[in-house]
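Dear colleague,

I am passing on the structure below, and my notes on it follow. Please read them beside the coordinates.

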Amino acid sequence: MTCLLSQNQIKQLIPHRYPILILDEILEYTPSKRILAYAYLGSDEQVFRGHFPSFPILPGVFLVEGLAQASSVFLELNHQAWNPGNELIPNPGNGMLGVLGSAETRFKHPVFPDSEVFFEAVTTREFSNSLFMKVRAYYGDKTFVSGTISVTKVHQKVLARNSDYETIY
Amino acid sequence: MQDKNQVLEKVKGIIAEVAELDPSSIGNDASLPYELGVDSLMGLQILVELEKEFGVELNEEQLLLMTTPNNIVALLQGYEETVATVNS
């Protein structure tokens, strides 16, 4: 599989940065339908130092976060009507953030240090600023986590208020 | 069409599940955003669950009308009447 978008390009689309930016590359993208991202989780990742010192495994929430990041990139690419080969429009930093709204996931296998992980998200329902996605993190025939998530773009001021009534009703 | 009260109870059940509330605590005219704490993403989740439960297609504009359980029932009844008219 070839790299469609590098991590530097991913950084143009979502505001996540070290140490929480998980995705290394976007490998596949079908507008409004599917995205496939990739990450290599080396033994030097800080999270392994504490989870757990004697038996390092990746916290499940990091896998869900990776899936949410892939979905946020997907949402941004959809908004840009981007196609492979097109120029990216860097997220203008207007305060809009792609955030995880809900997650129903099942964890099936642990991720150990020095693992490769593919993050796949397939649209089940698309709205203007929100997506409901069927998701899976896996490598080969081993699924680490699968389930459904929703992501939405909201303004950081709304998050600060912890309420978005005014944006909808 | 199901009995209106049955629809209303199902609607309140969906709202309760998404908003993590006791269905019996939800009034028929309770405001989703202001009394039940339903935010925009929860509203979309309710919309998706309504589509599954009642086999309807709803859009974001209709979400703006989904302000109370009674309003949702009216929306669903209006949808069914529209479909029946189109198919007649």
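This is a predicted model: local features need pLDDT of at least 70, side-chain atom pairs count only at pLDDT 80 or more; totals for chains, interfaces and linings use all residues.

Residues are numbered from 1 along each chain as its sequence is written, chains are lettered from A and ligands numbered from 1 in the order in which they are written, and side-chain values use heavy atoms, with hydrogens and water left out.

Phe55(A) counts as partly exposed because its relative accessibility is 47%, and the class lies between buried (under 20%) and exposed (over 50%), with a 1.4 Å probe and protein chains only.

Turning to the interface, 19 residues of chain B and 15 residues of chain A take part in the contact, defined as heavy atoms within 4.5 Å. About 1500 Å² is buried between the two chains, 64% of it from carbon and sulfur atoms; buried area is the accessible area (1.4 Å probe) lost on putting two parts together, summed over both. On the side of chain B, Ser40(B), Leu41(B) and Glu60(B) lose the most area to chain A, together 33% of what that side buries.

The rule finds one salt bridge across this interface, that is, a side-chain nitrogen of Lys or Arg within 4 Å of a carboxyl oxygen of Asp or Glu. The side chains of Glu51(B) and Arg125(A) meet in a salt bridge at 2.5 Å, N to O.

With best regards
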